[in-house]
Amino acid sequence: MFSVMVVDDDKNIRYVIKELLEYEHYTVYTASNGREALDILWDNHIDLVIVDIMMPGMDGYEFTREVRSVNKELPILMVSAKQLPEDRIKGFVSGIDDYMSKPISNVELLLHIKALLRRVDSSSAQKIEIGEVVLDYSSFTVKGHGCVQELPQKEFQLLFRLLSSPDKIFTRLQLMEEIWGYNCETGSDTVTVHISRLRKRFEGWEEFEIKSIIGLGYKAVKKV
């Protein structure tokens, strides 16, 4: 389960790409300009960014340079109507990993995204470390307290999602859609059941806690 952020000032483009990626089971964030995107990036776990060039406030080049000043590994795919070689060169100089010219086909976009995500270093992007506890997405394991627990896939994905954005409140519906998908026929009570299992499994672990927010949903709290 990868998280992708789409940064474009055209709301129609944001909508179309978001729908496409969510259909492919990606978690999708959207932003209308670079500054808004930076705020989202600092508060959430993002695996890949799709960014336009021409945007108000902060364009795609400046956004990329800002990201690269603190994060050298995050894959950035620039998608723009600009097609001149100098535009592509400027993008790569600013720090992007790939460039596509609009209009783009859905199939080609998905192929570029999958190719970039294959390059993601699983040792960093697919792991969460909380003190001595390590969540490893590649094996669905949680290591800590002298043992390694291999979790059922949905349990692990739920825990990983919560701990990827600590202190962020998720509704049961949000978690249901992100982990089980929009077309799942299982009710949202499934989330409650899985949360209960996770709490029992990690009862007494001081590194993190899953809290219920009455009337809203759940959030994870890191304690170290």
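Me: What makes strand S8 and S9 a pair in this predicted model?
Reply: Pairing takes at least two bridges. Strand S8 (residues 141-144) is joined to S9 by four bridges, so the two count as paired. They run antiparallel.

Me: Which residue in S9 is the bridge partner of Lys 143?
Reply: That's Val 148.

Me: Okay, and what is the order of the four strands in the open sheet?
Reply: The order is S6-S7-S8-S9, with antiparallel pairing.

Me: Why are strand S6 and strand S9 called edge strands?
Reply: Strand S6 (127-130) and strand S9 (147-150) each pair on one side only. By the way, neighbouring strands of this sheet are turned by 15 degrees against each other on average, ignoring direction.

Me: Let's switch to helix H4. Which residues of H4 are buried?
Reply: In H4 (residues 85-94), they are Asp 87, Gly 91 and Ser 94. Buried means under 20% relative accessible area, so each of these falls below that cut-off.

Me: What covers the buried residues of H4?
Reply: The cover includes helix H3 (60-68), strand S4 (76-80) and strand S5 (98-101).

Me: And which residues are exposed on the other side of H4?
Reply: Pro 85, Ile 89 and Val 93. Exposed means over 50%, so these three are above that cut-off.

Note on methods: Residues numbered from 1 in each chain as written. Predicted model: local features only at pLDDT ≥ 70, side-chain atom pairs only at ≥ 80, totals over all residues. Heavy atoms only, no water. Axes fitted to C-alpha atoms, helices over the stretch in contact; angles between N-to-C directions. Buried < 20%, exposed > 50% of the residue type's maximum accessible area, 1.4 Å probe, protein only. Contact = heavy atoms within 4.5 Å.
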